[in-house]
2 protein chains.
Amino acid sequence: MASSQLYNSLLSSSLLMKSHSTSAVHHHIPKLVIKCNATPSTVNTISPPPSTTKFSAKYVPFNSISTNTPTTEFYSLNEIVYRSHAGGLLDIQHDMEALKQLDGEYWKTLFDSRIGTTKWPYGSGVWSKKEWVLPEIDNDDIVSAFEGNSNLFWAERFGKKFLQMNDLWVKHCGISHTGSFKDLGMTVLVSQVNRLRKMNVPLVGVGCASTGDTSAALSAYCAAANIPSIVFLPANKISMAQLVQPIANGAFVLSIDTDFDGCMKLIREVTAELPIYLANSLNSLRLEGQKTAAIEILQQFDWKVPDWVIVPGGNLGNIYAFYKGFRMCQELALVDRIPRLVCAQAANANPLYLYYKSGWKEFTPLKASTTFASAIQIGDPVSIDRAVYALKNSNGIVGEATEEELMDAMALADSTGMFICPHTGVALTALIKLRNSGIIGPTDKTVVVSTAHGLKFTQSKIDYHSREIKDITCKYANPPVQVKAEFGSVMDVLKKYLSNTRLH
Amino acid sequence: MASSQLYNSLLSSSLLMKSHSTSAVHHHIPKLVIKCNATPSTVNTISPPPSTTKFSAKYVPFNSISTNTPTTEFYSLNEIVYRSHAGGLLDIQHDMEALKQLDGEYWKTLFDSRIGTTKWPYGSGVWSKKEWVLPEIDNDDIVSAFEGNSNLFWAERFGKKFLQMNDLWVKHCGISHTGSFKDLGMTVLVSQVNRLRKMNVPLVGVGCASTGDTSAALSAYCAAANIPSIVFLPANKISMAQLVQPIANGAFVLSIDTDFDGCMKLIREVTAELPIYLANSLNSLRLEGQKTAAIEILQQFDWKVPDWVIVPGGNLGNIYAFYKGFRMCQELALVDRIPRLVCAQAANANPLYLYYKSGWKEFTPLKASTTFASAIQIGDPVSIDRAVYALKNSNGIVGEATEEELMDAMALADSTGMFICPHTGVALTALIKLRNSGIIGPTDKTVVVSTAHGLKFTQSKIDYHSREIKDITCKYANPPVQVKAEFGSVMDVLKKYLSNTRLH
């Protein structure tokens, strides 16, 4: 451990960066000899890595990957293309042979050397893996808000108290610029749009139809880069609280007297007419950023592979992004295996769960019912094929959570010092069930992915702790206790509470 | 730059840690010789730093520091003491002679080597500076949620568009576990309480009277450590939204039929009777954690000292914490000067501003009026003496912001990709005024400290963008535009918007 840390720190991030930036000049990087004064007798010589390697990536049809079929269909990342010729999903394929010219130890050392670096843009958890994300973008074109680097929280109390587990971790992707994991993908999408605009591709803005985290992340990154963002929303269907992030971040918000599907239809029609880039959920650029969360988890475990990673799933892009991140680390020999993935759905929006339960026999889109886990309230997920591929190739499992289960799990997690969103409650419920059935063992190294900050979902917590949710007992509610403003009364109440506390 | 990064990365954080941990055994740390395989011909030898140094800290009366008067009054950090014998503020004094046995280069290298480390607890932005914070605590006693490491955001667009500045930065302390900078201090306070409890000091819990960020941070850290937390609040004076964090985090919340002062009085009386640790705002432990944000800023600038640092001020502990962090870096030769500090107050709660304007002649506590910057709505600040000392010794300035100014500044900042709280709006207003008057120059390296995540203050943003604030124009409001669900109508609205956008 000590030796690997030392080894990792031997390489200078700035040197390594230079050699990979496609725009940098490679000729004159000298060998560097540093005399270290703080500790005696330390002289260090580092040669930069080979500068001849050129990394690249392109769009290919996703089904050429999932069926392992060669294809002649591909598109430059500088093209504006959302679907394959046949109308299917796209995927970003990296030149793996180029990446393989450097070994696993090299990549681990490189990524570790960039943690928290002040060298733009490598301090970001996404752009510290730039060669694996968008290798050909200029650093100056990148729009970044120091994404990633989020806490991998040891859920010691939750694990021990409720699950008899000692190696449970929660990856807090929501502790971020806009408060959700969407930042990881949006930095990539907006950076690429920024690059296209600088290349004089006539894109006048970026549009999306989203009521939640996507429009928040889109508008924030666009605002930072001075790119117009356009958000289509169904009138009278959402609250100002859901709107406030895009509005504050200067998005042009159209409130349209239709439902969500109507908004989607209109934005597709509009972006076919006007040069507005569509930041929809099938976009494969975003997954390249999201996959870095998987790499970051490995990094935070000193490249030890967890046994399980549990991800909430609605539109199902994120479960594939995690798979892709882990698989790339395996393929490039940073690790020798990948974790088993669990996708967790709300029972009110569980088409993947039903598909899984049918033995992957028949997929039936459904109409999702209302769920507190509003970001995954999706009955016909865009990335269904991606998710199935990820789960089949990771010996994966799909779980589900009722409204009561997910809210109770959220309350229990919060009582141990977290402040999670309802989607994370869904993932924790899947964990609880797999742990209770013995499928996840007491010492299994397990990561639950938390997708948004609880501060985005305070109303659901207020409802729960006020016991104001229909058909739910709210059995872990912790409402305030009313007391008279008298020393004696306060002391009585406190003494009673403290004597109860001691008994636990 | 490249060479200093390399130099910094030469020392292994794990080795350095071992040599400083007071509980570690120092005898057998060998010289380490690492053969590095990833790059050719790199062999590195590092001797561990001297293991004889013992760091320590104690409570002393603050006025012995501010008047530079020797004192024989001091208290161990393991005592429970909030005020000096004479009733004044306390301060934590480190054994600077011990710290000075290592030079500035050494400390910079040590702190840099710990950025993002997986070695507990040094990955935290607070505990990476453990020797300067709580040197004598066992690592196992520390309660940490990876505080600090927050984004120092280059406010490129805000600076260039509104202020003709090119070196403006916003330190986003609110992108954190509980969403405010209070985490930085609370990890220290709760860790020390955890230590005391493990030493069998009979503390049954930690209490505070706070409507906002303090109770949120207190209850989260206590919950993680399984320490009862007790929050006193005035009944019917605050909303469930303000309550939801402590309630969710399992605090015992007493809603008392009195006002805030009544709650403070009762909790002081109660903690004099019951063994409940008082996490009040005069607590000097918390400032030790908060001061690390200053050190982190220097670190993020590669130890280049900014010209200005602007901090919102209410109870005024934080401005002193920043001063203390910067001054310690100067005293221990990490940097050769400190920034000029600006404390920014809401005009509705501006006792420090008035004191400053009087030429520090007379301080008059006042009754604060309501402000959107609710966390600094304080008329009689506990840390007034600390703030005055910090400002006088940093050639400091005090600014103020009206409600309209702070809300407008917040809206402008958000429009450039941030999502700040009203307190940060106060700080930005102070910046705008100092920039307009020419006191802050166009190329001055300037940092604005953002104290909480905007997600904690969405209601104020909703009010602003709905133009529903009395006596305020809300001139940068960006309300949604209503459109009929017809392709033609949508296209018309969009084309008009886009033609306006192109003109800007």
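Reader: Why is Trp303(B) called buried?

Author: The relative accessible area of Trp303(B) is 10%, and buried means under 20%, exposed over 50% and partly exposed in between, with a 1.4 Å probe and protein chains only. Trp303(B) is therefore buried. The model is predicted, so local features need pLDDT of at least 70 and side-chain atom pairs count only at pLDDT 80 or more, while totals for chains, interfaces and linings use all residues. Residues are numbered from 1 along each chain as its sequence is written, chains are lettered from A and ligands numbered from 1 in the order in which they are written, and side-chain values use heavy atoms, with hydrogens and water left out.

Reader: What is the phi of Trp303(B), and where does the residue lie?

Author: Phi is positive, about 65°, although Trp303(B) is not a glycine. Most residues other than glycine have a negative phi, and most peptide bonds are trans. Trp303(B) lies in the loop between helix H13 (292-300) and strand S12 (308-312) of chain B. Helices (H or I, at least four residues) and strands (E, at least two) are DSSP runs, numbered from the N terminus.

Reader: Is Leu316(A) buried or exposed?

Author: Leu316(A) has a relative accessible area of 3% and is therefore buried. Its phi is near 75°, a positive value in a residue other than glycine. Leu316(A) lies in the loop between strand S12 (308-312) and helix H14 (317-331) of chain A.

Reader: Which residues does a cis peptide bond join in chain A?

Author: Trp120(A) and Pro121(A), with omega about -10°. Pro121(A) is in the loop between helix H5 (104-113) and helix H6 (130-133) of chain A. In chain B, a cis peptide bond joins Trp120(B) and Pro121(B), with omega about -5°.

Reader: What makes Tyr356(B) and Trp360(B) an edge-to-face pair?

Author: Rings of Phe, Tyr and Trp (its six-membered ring) pair if their centres lie within 6.5 Å; planes under 30 degrees apart count as stacked, over 60 as edge-to-face and the rest as tilted. For Tyr356(B) and Trp360(B) the centres are 5.6 Å apart and the planes are at 70°, so the pair is edge-to-face. Tyr356(B) is partly exposed, because its relative accessible area is 23%.

Reader: How do you know that Lys129(B) sits over the ring of Phe111(B)?

Author: A charge sits over a ring if NZ of Lys or CZ of Arg is within 6 Å of the ring centre and within 35 degrees of the ring normal. The charged end of Lys129(B) is 5.8 Å from the centre of the Phe111(B) ring and sits over it. In chain A, Lys58(A) lies over the face of Phe74(A), at 4.7 Å from the ring centre.

Reader: Why are H17(A) and H18(A) called roughly perpendicular?

Author: Helix H17 (residues 403-415) and helix H18 (residues 422-436) of chain A pack at about 95°, with their axes 7 Å apart. Axes are lines fitted to C-alpha atoms, for helices over the stretch in contact, and angles run from 0 to 180 degrees between N-to-C directions. Angles under 35 degrees count as roughly parallel, over 145 as roughly antiparallel, 65 to 115 as roughly perpendicular and the rest as oblique. H17(A) and H18(A) are therefore roughly perpendicular.

Reader: How many strands form the open sheet, and in which order?

Author: 5 strands form the sheet, in the order S16(A)-S10(B)-S9(B)-S8(B)-S11(B), with parallel pairing. Two strands pair if DSSP finds at least two bridges between them. Strand S8 (residues 205-209) of chain B pairs with S11(B) over 3 bridges.
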